[in-house]
Amino acid sequence: MSFLYFFWGFLCQWGLGLITSIFSVSGLTGDWIDHLPLLIGYLLFFIGFTKMQTLSPILGKGKWGALILMVLSIVQMLIPAGNGMTNQSLLGTVLTVVVILPEMYMIYHLCTGISQMADHQLQPDLRDTAQKRWRLFIYCQVTIVLALLTGLFADVTQPNAWTVITGVLSLMYVVLNLVVYILMVTLVWKAHKQLELESQ
């Protein structure tokens, strides 16, 4: 049951995120609603990590990353966007970088925990899959960091080479992020189906 919290957490962040983004883009609600699916997802992750900590200490440590991400999501919902484009862009960049670190911490413990449990239960395929998912997640985060860095040199009013590079990296991140979400959903589903958990 515990792995299902991660399954529904990823689905909530992706599926519900698509729905809320429609309302946000159409102007029916404020930008705060974009962070609501993330908050719900992180809450489900936190519950999942907490329930798994007695079975896997490495998995249990992931709850701290989820807790920090919950707090950051609430902060992003409460802090109004800056009036100036520069301030708003800088604030968004800073918050994105801040979010990356606890998110990497959380996903590392999720993938490593699954990998260790699979190894102990003699399931090498699931173990290797979890390790590959972690590496793919790292590639995804590197892409967004590069996009943010090149974006500092981009000029929207007078497009230059940095603008093109930032656009390409941003597009790569969107595609890669979608792939990562789908693969993470399949990973935790496989873990739910294949790994034996003691009664909790």
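Predicted model: local features only at pLDDT ≥ 70, side-chain atom pairs only at ≥ 80, totals over all residues.
Across the whole structure, a search finds 11 aromatic pairs, a pair being two rings of Phe, Tyr or Trp (its six-membered ring) with centres within 6.5 Å, called stacked if the planes are under 30 degrees apart, edge-to-face if over 60 and tilted for the rest. The rings of Phe 7 and Trp 8 are edge-to-face, because their planes stand at 80 degrees, with the ring centres 5.2 Å apart. Phe 7 has a relative accessible area of 13% and is therefore buried, a term that means under 20%, against over 50% for exposed and partly exposed in between (1.4 Å probe, protein chains only).

Turning to the cysteines, Cys 12 is buried at 12% relative accessibility, and Cys 140 is buried at 0%. The count of disulfides, defined as pairs of cysteine sulfur atoms within 2.5 Å, is zero.

Thr 150 belongs to helix H6, residues 124-151, where helices are DSSP runs (H or I, at least four residues) numbered from the N terminus. Thr 150 is buried, at 11% relative accessibility. Beyond its neighbours within four places in sequence, Thr 150 is in contact (heavy atoms within 4.5 Å) with Trp 162, Ile 165, Thr 166 and Leu 169.

Technical notes:
Residues numbered from 1 in each chain as written. Heavy atoms only, no water. Helix = DSSP H or I, 4+ residues; strand = E, 2+ residues; numbered from the N terminus.
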